[in-house]
Amino acid sequence: MAKIRQILMLSTITCVMAAGIQQASANTGKADASGKGAATPGTITEMDYFTANQDTTITKLFKTFEQKNHGVKISRVYVAGQAYLQKVLQEATAGSLPNLLMLDNPMLPDIASTGILVPLNTLGTLNLKPYFKGSLSEGKYKGKLYALPVGNNTIALYYNKKLFKKYKISSPPKTWAQLLVDAKKLTHGSVYGFGFSAGSGSGNVSWQSEPFLWSNGGHLRTPNSASDKQTLTFFKQLVDAHAMPQSVVNWTQQDVQNEFEQGRVAMMINGPWITAQLNQTKGLDYGVAEIPVRVPKQKIVPPLGGEVFAITKSTPANEERAFKLLQWLLNNQNTVQQLDTGFGYVPAYSSAVNAVVKKDGYLKVFAAEVHTARARTTYLGAKYPQISAIWGSAVQSVITGQASISAAATAAQQQIHSALS
Amino acid sequence: MFLIPLGVYILVLFGYPLYYSVSMSFKNLNQITLINGNANFVGFQNYIQAWSSSIIWRSFLNTIQFTVVSIIMQFVIGLLVALLFNRRFPLNRVLRSLILVPWLIPQIVSGAIFNWMFSSTNGVVNQILLDLHIVSTPVNWLLHPESALIVMMITNIWIGVPFNMVLLYSGLQDIPREIYEAAAIDGARGVRSFFYVTLPNLKVIIGIVLMLGLIYTLKVFDIVMSLTQGGPANMTQLLSSWSYTLSFTNLNFGQGAAVANGLIVISLVFTAIYLWINRKTAD
């Protein structure tokens, strides 16, 4: 612990000096704004957390770019997802970030506000018309575009078709009440009807409970409101009916996937990136549906997931090369189709959507959800990590029965109040 | 005399990072100010906010419970095992090496193994308890704060026993046989020789073992992360893991440092008490 902090602090000092140097170099010259033609020979450094089929896809595309641009080498650094943010902060304070930087979309405003990213319009021209407005906004900070979206994802309801048939459920639930009834029907012995990831840490409890909360008009910052309490009540009903195991509070998204694959959970919440693995699971017949809402007239509002690529400040030559790669990778229908098909994402580039969704039918549901999805930092900005963690704790204490709904909501409201003040 | 290396040890491993940690805790360091270097001095704000939350007191009590139980159990079991190995019997040397294994395995791996053993759905511990008809339904070990804390302590004790055993064993080996023989002539055998000969001669070693055990246990972090991640609802956080969560999940580096510094103060207090007791007994 102490050591990690020591490194961080040391690098903070380096950062102050590096920032000064960067300031100087940023003023010396603007990169070539043409945007056409091959990239100049040299190395482009890049960093991301893509694994499995996403890793193979991006490696393949980078090779293609190297072949097309003689003398250009892409040096890709992979950092595991859980350590990624720490690594970015560490490299940023040390002034040693890669030229092309992948960021999970909620992080973009924070990183852009520190001034270490280059506004894309200063590097060349991009064709921005084909992008969905919401997706493009993920790359914007104070009106300037700093990053392009890789594609979008969100989470939906996965259900086990065999178990649905066995207990005579004809279609996936559309409302919370139906979900509760179906989950009860599906619960037998060691098989639970429903499960979601309510574990601690980012990407688990808050991310997975947001679709329920937001569709019902609730907010992370108002746990004491009626809409928020209704959401907590729903989770409690699932537990009280024994249709969802209390141990979901220890489950990560990966754990939920494992339980579903092994048939121990009949319905789960998860993202499109797992379909490739589910398709390889023997004897598993599954379907994907939109996450149920409380009352039929509500619209599903899931959290918007997906990564963006930004260019960091360095020498004009480095920035220009990185821009060429970004332009080719994400501002070009052909490569976007290949990329998002391999990634299992809904393209943010509208003209690529049909081709990608056609190849992976499951994406249709996610594509529909993305239209009403909300970016996670919309209301909370830089406070999102802290406030979402407090909401997550409230959900966990209700599921484990440590606190009543009103006690958990009141306690969370107090913590949020002092965190926002 | 033996305090000098210990003093240097504490100074190097606690003193140097302490300076950085203290300076961080007085600034409004978050993900943004960390990068652009615009962190302002905010006085004691981080300390006030961090130490007035309800989670911190839960973590504090957890840390005390975890540390006290772990150290006592590690020491008692470690001493019993050391006494066993102090006797001559076949395979003594082989078994003594084998018992070191838990201490050599990275804590994160031990944590993962115990997580699997205590899993509520398919853990081996529940299986055994069910087969022996001790429980009728699987126990949700990691779900309730009380039982999760017990699992954390069992894991930590399992890891710490070899360390205690090795140091105490070397201490036992250093006690001259003549003392036992002389004591035997004076009528001290068995349990009495343990209390009148062994323990007084082990005093110095026991002091070191308990002190190092305290420092190691206060720093325990991997076990929490691999077993519960501090959850559910932050009820199984230790000060170490809560400091980490504040820094790297909530990205509030200033408050994270404020908690970590509290932990260091606790360590220093115990070190001071230890030094004081030691000086008194040495006089």
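Trainee: Which residues have the most contacts inside the largest nonpolar core?
Mentor: This is a predicted model, and its largest nonpolar core has 158 residues. Helix α9 (residues 145-174) of chain B gives the largest share of this core, ten residues. The residues with the most contacts inside the core are Phe309(A), Ala310(A), Ile311(A) and Leu326(A).

Trainee: Which residues does Leu326(A) touch, not counting residues up to four places away in sequence?
Mentor: Leu326(A) is one of the residues with the most contacts inside the core. With residues up to four places away in sequence left out, the residues that Leu326(A) touches are Leu100(A), Leu148(A), Phe309(A) and Ile311(A).

Trainee: At what angle to β12(A) does helix α12 of chain A run?
Mentor: Helix α12 (residues 316-330) lies across β1, β2, β3, β6 and β12 (307-311) of chain A. Those strands form an open sheet in the order β2-β1-β3-β12-β6, with mixed pairing. Relative to β12(A), helix α12 of chain A runs at about 150 degrees.

Trainee: Which are the edge strands of the sheet of five strands?
Mentor: The order of this open sheet in chain A is β2-β1-β3-β12-β6. An edge strand here pairs on one side only, which applies to β2 (72-78) and β6 (147-149) of chain A. From one strand to the next the twist averages 25 degrees. The edge strands are therefore β2 and β6 of chain A.

Trainee: What is the bridge partner of Met47(A) in β3(A)?
Mentor: Strand β1 (residues 42-48) and strand β3 (residues 100-104) of chain A pair in the parallel sense over two bridges. In β3(A), the bridge partner of Met47(A) is Leu101(A).

Trainee: In the sheet of four strands, which residue of β9(A) stands opposite Tyr159(A)?
Mentor: This open sheet of chain A has the order β8-β9-β7-β10 and mixed pairing. Its edge strands are β8 (192-195) and β10 (286-289) of chain A. Strands β7 (residues 156-160) and β9 (residues 265-270) of chain A pair in the antiparallel sense over four bridges.

Trainee: At what angle to β8(A) does helix α7 of chain A run?
Mentor: Helix α7 (residues 176-186) of chain A lies across β8 and β9 of chain A. Its angle to β8(A) is about 135 degrees.

Trainee: Which element gives the most to the side of domain 1 of chain A that touches domain 2 of chain A?
Mentor: The contact takes 18 residues from domain 1 and 16 residues from domain 2 of chain A. On the domain 1 side, α4 and α15 (363-370) of chain A give two or more residues. With five residues, the element that gives the most is α15(A).

Trainee: Which element gives the largest share of the side of chain A that touches chain B?
Mentor: In this interface, 38 residues of chain A are in contact with 38 residues of chain B. By class, the chain A side has 13 nonpolar, 22 polar and three charged residues. The elements that give two or more residues are α1 (2-28), α3 (81-94), α4 (108-113), α16 (384-400) and α17 (405-420) of chain A. The largest share, eight residues, comes from α1(A).

Trainee: Is Ser406(A) buried or exposed?
Mentor: Ser406(A) is placed in helix α17 of chain A. Within 10 Å there are 11 other C-beta atoms, and a residue with 12 or fewer counts as exposed. Ser406(A) is therefore exposed.

Trainee: How many helices does chain B have?
Mentor: Along its principal axes, the C-alpha trace of chain B spans about 75 × 55 × 30 Å. Of its 283 residues, 36% count as buried. Chain B has zero strands, and its number of helices is 14.

Key: Residues numbered from 1 in each chain as written. Chains lettered and ligands numbered in written order. Predicted model: local features only at pLDDT ≥ 70, side-chain atom pairs only at ≥ 80, totals over all residues. Axes fitted to C-alpha atoms, helices over the stretch in contact; angles between N-to-C directions. Contact = placed C-beta atoms within 7 Å. Nonpolar A, V, L, I, M, F, W, Y, C, P; charged D, E, K, R; others polar. Core = buried A, V, L, I, M, F, W, Y, C linked by C-beta atoms within 7 Å. Buried ≥ 20, exposed ≤ 12 C-beta atoms within 10 Å, placed from the backbone.
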